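Trainee: Please take me through the side-chain pairings in this model. I would like a close look at the aromatic pairs and the salt bridges.

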Amino acid sequence: MPEAPVSPRGSRGGGRAGRSVSVSRRLVLDLVRTRAPISRVELAEATGLTQAAISHAVRALIDDGLLRETGERAYTGGKPRVMLTLDRLARCSVGVQLGADWIVVVVVDARGTVVARTRVRGARSRDPQDVVSTLAEQVDVLLRAADVDRSAVVGIGLAVSGALDLDDGAVLVSRTLERWQRFPVRAALAQATGLPVVLDNDATAAAIGEFWSGRIPGSAAHCTIYMGASIGAGIVVAGSVYRGASSNTGPLGRMHLHRDHRSAGATVEDLAAPRAVAARARAAVAAGRESIAQLSVDGDPFTDFAAVATAAVHGDPLSVELVEESAGYLADAAVAVADLLDLDSLVLAGPSFTTAGSLYLTVLERRLQAEFFAAPKHGVRVTLSPQPADAAAVGAASLVLQEELAPRHLGAPTGRSAGAAAAL
């Protein structure tokens with residue numbers, strides 16, 4: 001099947017919103033998406049736009065099938081106000097979280113709500129082209145299961161960990177997906193599905209998912225810390241992704257802590273990631289510490305981390321100690337990022353927060369309250385993603401929706417190829 005058409009900046013061709021979206025239309029869509037039901041008068045009050053500009057934007061969005069009048073009326077003493085809402089199934093997208101152990105595929109509606117989900121075997125040791133074929137089959141299955149017409153699907157978002165080349169649509173370096181390095185995954189998936197594909201890292205995807213869902217309303221500077229096998233940070237400034245020179249921002253796990261003049265010091269991943277927690281758990285048990293955590297026979301670090309996280313939630317002293325130690329190291333990095341970017345919002349996401357995320361949350365909240373530089377002016381709202389294990393898949397789908405329906409531009413590098421659809 002031929003690859004779906006893309007515009008020079010990577011958005012979908014045809015009559016949809018794409019790059020030509022006006023500011024007024026984007027503002028109206030964002031407000032209806034997050035505050036519906038809402039009237040035209042309320043939209044004008046919230047945006048500062050004239051009634052004429054609001055009417056024009058609303059009419060365009062209704063004609064495009066994105067908004068509809070609910071039939072409700074709000075009575076305020078004068079003429080009844082007609083309420084507007086988002087037609088959630090007018091546009092949908094697919095999100096794929098390409099992991100070494102598991103691959104998550106979701107279909108989301110225009111608000112970013114999951115309407116179908118599946119999980120298949122991971123990509124670590126499999127041939128990339130075989131995985132792409134499997135993904136194309138799963139996309140078809142999910143769309144049929146959700147009763148979503150393909151004409152409503154604006155594209156596929158693909159979230160991957162590691163350093164990426166968005167010009168070539170490929171993974172440059174990944175510790176867990178070595179077979180995928182330099183494989184043109186974006187083009188391969190687009191060809192297999194007939195849909196445009198946006199490629200981005202898992203932390204960035206998870207961050208824009210939080211914004212698109214409306215869970216971080218009013219945030220001026222947001223960061224999502226994503227912990228799977230590695231640790232990354234996705235940064236959203238006023239609704240736009242901050243990308244840097246090559247869209248490889250946020251490798252938080254590579255930050256060195258406690259560096260001195262003799263050595264680089266351990267990285268955040270060396271101290272806080274699942275492998276580090278698992279290694280300390282095994283060492284502690286070998287030294288005679290007691291724990292209810294059932295460590296694996298084969299020494300698999302991710303199985304061991306899951307066991308420690310579960311035991312910690314149940315109050316096992318050693319496991320609580322290990323998780324809080326990990327959280328403390330992660331908080332060192334989080335405070336540094338919060339100070340550097342003057343954050344007002346931080347979310348924890350990723351499969352490693354699925355079980356013991358609340359324990360990490362408590363430690364990070366306490367540290368930021370005590371140490372955040374701008375605390376005399378404002379705090380940092382710290383929350384746990386409501387779906388931490390699937391956050392990158394949902395966020396990847398949200399990237400596509402934002403690119404198509406309400407594109408934003410901040411820190412987007414120039415000179416990308418036509419396939420680099422990820423610039424917001």
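Mentor: Start with burial: buried means under 20% relative accessible area, exposed over 50%, and partly exposed in between, using a 1.4 Å probe and protein chains only. By that rule F183 is buried, with a relative accessible area of 16%. This is a predicted model, where local features need pLDDT of at least 70, side-chain atom pairs count only at pLDDT 80 or more, and totals for chains, interfaces and linings use all residues. Residues are numbered from 1 along each chain as its sequence is written, and side-chain values use heavy atoms, with hydrogens and water left out.

Now the rings. Rings of Phe, Tyr and Trp (its six-membered ring) pair if their centres lie within 6.5 Å; planes under 30 degrees apart count as stacked, over 60 as edge-to-face and the rest as tilted. The structure holds two aromatic pairs. In one, the ring centres of W180 and F183 are 5.6 Å apart and the planes stand at 90 degrees, so this pair is edge-to-face. W180 is buried at 0% relative accessible area. In the other, F353 and Y360 have ring centres 5.2 Å apart and planes at 80 degrees, so they too are edge-to-face. F353 is buried at 0%. Y360 is buried at 0% as well.

Next, the salt bridges. Here a side-chain nitrogen of Lys or Arg lies within 4 Å of a carboxyl oxygen of Asp or Glu. The whole structure has 19 of them.

Take D64 and R25, whose side chains meet at 2.9 Å, N to O. D64 lies in the loop between α3 (51–63) and β2 (67–74) and R25 in helix α1 (residues 23–35), so the bridge ties together parts 39 residues apart in sequence. Helices (H or I, at least four residues) and strands (E, at least two) are DSSP runs, numbered from the N terminus. R25 is buried at 11%, while D64 is partly exposed at 21%. R25, D64 and R91 are linked in a network of salt bridges.

R182 bridges to D165, with the closest N and O atoms 3.9 Å apart. R182 sits in the loop between β9 (170–173) and α5 (185–193) and D165 in strand β8 (residues 163–165), so the pair ties together parts 17 residues apart in sequence. R182 is exposed at 56%; D165 is buried at 16%.

Last, R367 and E371 meet at 2.6 Å, N to O. They are four residues apart in helix α11 (residues 357–371), separated by about one helical turn. E371 is partly exposed at 37%.
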